[in-house]
Amino acid sequence: MSYRNGLNYLESKTKVLELCDRFGARVAVCPDWNGRVMTSTADGLDGNSFGLIHVAAIEAAEVDPSFSFFGGEDQFTLSPEGGPFSLYYGTEMEKAAPATSIPPWGPISLPHGYQEGPFVVDTVPPAPQIRMRRPVKMTNLAGVDFDLDVVRTVRLMNLGDIHLGFGNAVAVSLEQADVSFVGFETINSIINRGTSMMRESGLVSVRIRSMFNSGKDSVAIVPFRFGDERKLGPSICADFFGSAPHGRMRVLPQAALLRADGKYRCQIGVSRKRVLPYLGSVDFRNGSLTLSTFNMPSHPWEYDYLANEYCESVSNTVADFVNAREYFLTQCAGLQTDDSEDSAIILERDPEDTPYSGEVVRAYNNGPSTPGEASSPFYEFDLFSPARELKRGESLTHHQYTLHVNADNNTLSYLVKEVLNVDFERVYEKMMQ
């Protein structure tokens with residue numbers, strides 16, 4: 001749909017706040033729907049709408065508001081989604097299951113704390129940003145209560161901001177006359193208003209979920225750190241949905257490619273030792289590029305990242321399918337490097353460390369996992385902050401940056417190589433031919 005059509009539909013269902021510039025960039029924010037950025041465009045009201053607007057779910061929520069799967073290209077959520085400290089419950093049986101068991105994966109609902117009222121808006125346009133806040137309370141699978149304040153700010157990015165987030169080469173490329181773009185930043189803070197968080201009973205972290213419109217000529221690109229698998233572990237992780245059919249996923253020496261057509265459910269992620277702070281996707285049909293980045297620590301392997309679910313490990317040369325507990329314990333969590341680039345030692349790790357050896361970024365393509373299964377076509381990026389033992393009054397902040405660019409193939413090729421470190425033509429050759 002066009003941005004105009006999407007905006008008109010959203011305004012018929014909820015309050016919408018917009019950030020706009022004089023060049024046609026527009027961003028639509030819905031404070032009552034968990035403060036999410038629903039969609040954006042680079043070309044004014046009649047430009048393409050980038051974010052997923054899940055019309056069927058929005059209509060269904062008017063009847064049953066228990067599951068607000070509305071879409072949106074920047075949604076504030078919390079992690080972990082699975083494991084012994086999960087904040088999300090598929091069934092009451094799962095909630096009562098032992099912490100060491102694999103939870104049954106049924107329909108997953110949001111914690112009640114997410115659905116107890118809208119964000120309160122502190123600043124609105126014509127201010128250059130939208131600032132929102134709300135309390136969130138929930139209980140994890142281990143029975144630990146969390147009492148948080150959430151502060152969320154959305155701001156439109158100018159060329160100076162893009163220079164800081166994506167580099168000078170990207171900012172200069174966007175100054176060309178035949179290039180249009182929209183970029184926005186979200187600043188997401190959680191403040192602990194309850195008792196001190198303890199690692200042994202479960203922590204929380206910020207997860208930003210970005211849902212985009214899929215297309216038959218769209219490909220997600222996930223770069224990763226190149227290096228010896230004996231030191232860094234497998235290049236990527238592929239989740240519990242099973243082996244992807246031929247042609248849906250490719251692993252190149254420095255990036256993984258995922259078909260983003262919304263026709264088959266599969267997912268990839270990158271561990272702490274392999275991650276780079278960028279994700280991207282190319283829509284070859286419409287000539288557009290989407291880039292995401294965030295404030296990742298310079299040494300993410302030194303931080304706790306929450307393991308959200310069960311996955312498979314995939315190397316450059318061989319696929320070895322195991323569940324996440326075994327994977328992170330025996331392959332990723334056990335690898336410790338010293339100050340030397342050329343040395344690594346293997347240490348025994350306690351199994352309880354597994355929930356803190358999770359992925360930092362993920363790319364997901366939705367779709368039926370079996371023939372005839374109903375599904376909604378979209379693809380998404382998930383980016384995670386580290387988790388910390390927050391004392392009462394302490395906070396954790398995650399910055400996320402999203403950039404959409406409409407341009408000719410030469411410009412897109414340059415940007416893909418500059419940011420994602422992969423050849424545009426090779427992506428097309430591997431995934432489109």
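This is a predicted model: local features need pLDDT of at least 70, side-chain atom pairs count only at pLDDT 80 or more; totals for chains, interfaces and linings use all residues.
Biologist: OK, what's the mean pLDDT of the chain?

Modeller: The mean is 84, and 81% of the residues reach 70 or more. pLDDT is the predictor's confidence in each residue, from 0 to 100.

Biologist: And where does pLDDT stay under 50?

Modeller: Residues 90–108 are one such stretch, with 29 contacts beyond four places in sequence in the model. Residues 310–352 are also below 50, and that stretch has 115 contacts beyond near neighbours in sequence. Contact means heavy atoms within 4.5 Å.

Biologist: Switching to the fold. What's the strand order in the open sheet of 10 strands?

Modeller: The order is β5-β6-β7-β8-β23-β16-β15-β10-β13-β12, with antiparallel pairing. The edge strands are β5 (120–123) and β12, each pairing on one side only. Helices (H or I, at least four residues) and strands (E, at least two) are DSSP runs, numbered from the N terminus, and two strands pair if DSSP finds at least two bridges between them.

Biologist: How much are neighbouring strands turned against each other?

Modeller: By 20° on average, direction ignored. Axes are lines fitted to C-alpha atoms, for helices over the stretch in contact, and angles run from 0 to 180 degrees between N-to-C directions.

Biologist: How many bridges join β16 to β23?

Modeller: Seven, with β16 covering residues 288–294 and β23 covering 395–406, running antiparallel. Within β23, threonine 402 stands opposite serine 292.

Biologist: Which strands does helix α4 touch?

Modeller: α4 (residues 159–166) packs on the sheet against β7 (145–156), β8 (180–192), β15, β16 and β23, and its direction makes about 65° with that of β16. Helix α8 lies across β10, β15, β16 and β23, at about 20° to β16.

Biologist: What about α9, which residues are buried there?

Modeller: In α9 (residues 424–432) those are Phe424, Val427, Met431 and Met432. Down the helix axis they fall within an arc of 85°, so they line one face. That arc is taken over the directions from the helix axis to the C-beta atoms. Buried means under 20% relative accessible area, exposed over 50%, partly exposed in between (1.4 Å probe, protein chains only).

Biologist: And what do the buried residues of α9 pack against?

Modeller: Strands β10 (218–223), β12 (249–251), β13 (255–259) and β15 (278–283), plus helix α8 (409–420).

Biologist: Let's do cores. How many residues are in the largest nonpolar core?

Modeller: 36, and Val27, Leu78 and Ile190 have the most contacts inside it. A nonpolar core here is a set of buried Ala, Val, Leu, Ile, Met, Phe, Trp, Tyr and Cys residues joined through side-chain atoms within 4.5 Å.

Biologist: Which strand gives the most to this core?

Modeller: β7, with five residues. Apart from that core lies another of 31 residues, among them Phe181, Ile221, Leu289 and Phe424.

Biologist: Back to Ile190. What does isoleucine 190 touch?

Modeller: Leaving out residues up to four places away in sequence, its contacts include Phe76, Leu78, Val150, Val206 and Leu390.

Biologist: And Val27's strand, β2: how many of its residues are buried?

Modeller: Four of its five residues, so to speak mostly covered. Four bridges join β2 to β1, with leucine 19 opposite valine 27, and five bridges join β2 to β3. Both pairs run antiparallel.

Biologist: Is asparagine 421 buried or partly exposed?

Modeller: Partly exposed, at 34% relative accessibility. Asparagine 421 lies in the loop between α8 and α9 and has a positive phi of about 60° too.

Biologist: Last one: where are the cis peptide bonds?

Modeller: One joins serine 79 and proline 80, with omega about 20°. Another joins proline 125 and proline 126, with omega about 15°. For background, most peptide bonds are trans.

Note on methods: Residues are numbered from 1 along each chain as its sequence is written. Side-chain values use heavy atoms; hydrogens and water are left out.
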